[in-house]
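Hi everyone, thanks for coming. I'll talk you through one structure today, and we'll take it slowly. Have a look at the picture while I get going.

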Number of protein chains: 2
Amino acid sequence: MQAIARLCHESRIPLVPRGAGTGYTGGAVPSQGGVVLSLARLNRILEIDEGNLLAVVEPHVITGDLQDAVEAVGLFYPPDPASLRRSVIGGNVAECAGGPRAFKYGVTKQYVLGLEAVLPTGECIRTGGKVVKNVVGYDLTHLLVGSEGTLAIITKVILRLIPKPPMQVTMRASFPSVRHAVNAVTLLIRARVIPAALELVDGECLDAVASYLDVRSLAPEGTAAIVLLELDGLAEQVAAESVRVEGACREAGATEFLRAASESERQELWRVRREISPSLKVISGLKINHDVVVPKARVPELFELVERLRRQFRLRIPCFGHVGDGNIHVNIMVTPGDADEIERAHEAAGELFRGTIALEGSISGEHGIGFAKTKYMALELSPETIDVMRRVKAAFDPHGILNPGKMFPE
Amino acid sequence: MQAIARLCHESRIPLVPRGAGTGYTGGAVPSQGGVVLSLARLNRILEIDEGNLLAVVEPHVITGDLQDAVEAVGLFYPPDPASLRRSVIGGNVAECAGGPRAFKYGVTKQYVLGLEAVLPTGECIRTGGKVVKNVVGYDLTHLLVGSEGTLAIITKVILRLIPKPPMQVTMRASFPSVRHAVNAVTLLIRARVIPAALELVDGECLDAVASYLDVRSLAPEGTAAIVLLELDGLAEQVAAESVRVEGACREAGATEFLRAASESERQELWRVRREISPSLKVISGLKINHDVVVPKARVPELFELVERLRRQFRLRIPCFGHVGDGNIHVNIMVTPGDADEIERAHEAAGELFRGTIALEGSISGEHGIGFAKTKYMALELSPETIDVMRRVKAAFDPHGILNPGKMFPE
């Protein structure tokens, strides 16, 4: 691999590292041609160290497979992007993948202790290591996490693990408005409860699921938002917390509150979340998923913005997401081939990003910039900030051969 | 401030940002002369946002003052370096300060959401923001955290807060060896308990405290190690966990187990930790505190190494530290003016660092490199890794004016 990098560097040929290719913003797409470097054969779990709560893995280990392997020995790797049965650790690291559990457990970044990586100039570097605290030199580990394959090719990952929580309980609360749902989250935090998952599904998603499945039990009529909550931990703790969860939801005006009493009931509560994607596919052929994020308390304002966009651009925009993090997936639905609708969708996306930044938010919480959002990056970052990022890029990749055309605006 | 940076950049004059100057490795010392930029007047808490669980502060806010301010409204800023009543947030960010609570809550890095900083070339940049997830561009925020004032001058910090845990309980367990103590920690983790603090104090520290205070109650005779444990959280959770803590300690062979029943008992258990520094000052005039870190399960091997160094170099080396993180403060005691002892202390430090790295550890978990450890940096990092760090430094500071002589070996 070092030889390939050196050759591409010397010959100034684009070099695009590729994991499972499941990203939403096109980070693994060789948009300027060149060499695509598949990491598919670097697919081994090298070490699971129970004593030190860590794993050493190659980049092409499927995230869900790693989770299964560590859970088999009583450990836990929390990051859970929706793609976890297809995406790989290297891609999760390159994009800093999140998922529902991020509210309690944090995103991929919080679990990467160290990396081995090949620079576009051919050198192999090692960053961080097997310790949870390390302040020797610059934190290159966390500079590489989320760098979208533009700084180095990740060849080994040291991941922090935690003990697997002994039990889980799942609940669902229905609310007459998104604002009521967000109030419930605020009350929960005030009650010192940090759920392992806190997923909001809006009325437009619920209607789609109900119509797709032809059943309203998953998505009660007249509900503007449901919140799926999962607690995990010691039995005594979960029991104490679940009382507080119900109290907070009812105080915030929940019209219905359900608690799963069995694994099958738990799966049934989660089913609405899993059925969103197939249900939306029936509405329109193409779902453009924008993973914007705002400070949590401003989520109701974000939904007011989306409501305005729906009317102004005559679009269906079902939303769901990680409400505890303020990270909402705003899905603009379009019919492929409908040029007018696609144009309106692009205009709506621009408005969405500008509005998100006005709410002190960010245009991407999980999916990155890739090539899909390059033209919006300058909405969020100043020219001076982008310039210093370009100089960092040049410090790693003086000829700009590694994954060109990504992240930076032209 | 931007004008000062530009002037120094153009005139190639060293520029050294200075917070409270409490660091252990000399990061704030203008070792090559030049301009010292005091941040003392940037000392305001600008915002405490209860709804979004964040604070915006200037760099010269004393860490303990921020903690008091946020706790007054029911919130919590966990990082707790021993210097917290004197050190400031800007310095904590520049060094990535830790503290006892890091095992459960993480270090400073985990609480910095965004920064405003002035580059040595004069531009002002903003990184991150008010959201907990953000993958737009490179993570410059976490590159600047722990960069020891060599990349930029931090002028504003956005910090993540959490709700203040409603209750705490403190315990102390005594063990016949460090290995027994580490086994207790392993059993605790297996029992799914994550204490808020997990502090180990070795026999040599205990003897020093006992002789200083002339009382053995804090430091029972014949004890090779005590562990101070603190649990926090909801009352039901703390009650359930404390039963498991006692079980794990007794199973690991604790010879004594105490639980504080009141605030005064709690303060009495913590007193041994606070009395270590004054007690050691009586032994010798100078304590050289090396904050090495190893994978947790290798802490007993680290103590075997220290025992060997004590004999080989005829030195007193009391140790204490954050055992859950594998982060041990190895204090080499010397008499100022005793040239032979100082020479032996330097040799022992070199051996300590080499041995730590052989145990897959790091030479600094909390204090950084500054100028005190520059010659040891190459023990841990390869020339290729240091080279890329130098190129990152040049991307921010092409003339090398900002805090020169720090971090990098000559």
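Take Glu351(B): its relative accessible area is 27%, so it counts as partly exposed. And please keep in mind that this is a predicted model.

Okay, let's stay with Glu351(B) for a moment. Its side chain meets that of Arg354(B) in a salt bridge, at 3.8 Å from N to O. Where do these two sit? They are both in helix H11 of chain B, residues 339-358, and because they are three residues apart, about one helical turn separates them. Arg354(B) has a relative accessible area of 45%, so it is partly exposed too.

Now, helix H9 of chain B, residues 263-283. Here we find Glu268(B) and Arg271(B), three residues apart, about one turn of the helix. Their side chains also meet in a salt bridge, at 3.4 Å from N to O. Buried or exposed, or something in between? Glu268(B) is partly exposed, at 33%, and Arg271(B) is partly exposed as well, at 27%.

One more of these, in helix H10 of chain B, residues 299-313. Glu307(B) and Arg311(B) are four residues apart there, about one turn of the helix. They form a salt bridge, with the closest N and O atoms 3.7 Å apart. Glu307(B) has a relative accessible area of 33%, so we call it partly exposed. Arg311(B) comes out at 58%, so that one is exposed.

Over on chain A, there's a whole network of salt bridges. It links Asp202(A), Glu204(A), Glu307(A), Arg310(A), Arg311(A) and Arg316(A). How many salt bridges are there over all chains? The count comes to 68.

On chain B, 79 residues are in contact with 79 residues of chain A. Between them the chains bury about 6,300 Å², and 66% of that is on carbon and sulfur atoms. Which residues of chain B lose the most area to chain A? Those are Lys133(B), Val135(B) and Tyr138(B), which together make up 16% of what that side buries.

The count between chain B and chain A is ten salt bridges. One of them brings back Lys133(B): its side chain meets that of Asp325(A), at 3.6 Å from N to O. Several elements of chain B each supply at least two residues to the side that touches chain A, among them strand S7 (124-128) and helix H8 (235-251). The largest share, nine residues, comes from H13(B).

Two last stops. His60(B) is in the loop between strand S4 (54-57) and helix H2 (63-71) of chain B. With 16% relative accessibility, His60(B) counts as buried. Leaving aside residues up to four places away in sequence, His60(B) touches several others, including Gly19(B), Leu39(B) and Val88(B).

And then back to chain A, where Ile45(A), Ile48(A) and Val73(A) make a nonpolar surface patch of about 190 Å². Val73(A) lies in the loop between helix H2 (63-71) and strand S5 (75-76) of chain A. At 36% relative accessibility, Val73(A) counts as partly exposed.

How values were computed. Residues numbered from 1 in each chain as written. Chains lettered and ligands numbered in written order. Predicted model: local features only at pLDDT ≥ 70, side-chain atom pairs only at ≥ 80, totals over all residues. Heavy atoms only, no water. Patch = residues over 30% accessible without salt bridge, like charges linked within 9 Å, V, L, I, M, F, W, Y side chains within 5 Å. Areas by Shrake-Rupley, 256 points an atom, 1.4 Å probe, with all protein chains shown as cover. Salt bridge = Lys/Arg side-chain N within 4 Å of Asp/Glu carboxyl O. Buried < 20%, exposed > 50% of the residue type's maximum accessible area, 1.4 Å probe, protein only. Contact = heavy atoms within 4.5 Å. Buried area = accessible area lost by both parts, 1.4 Å probe.
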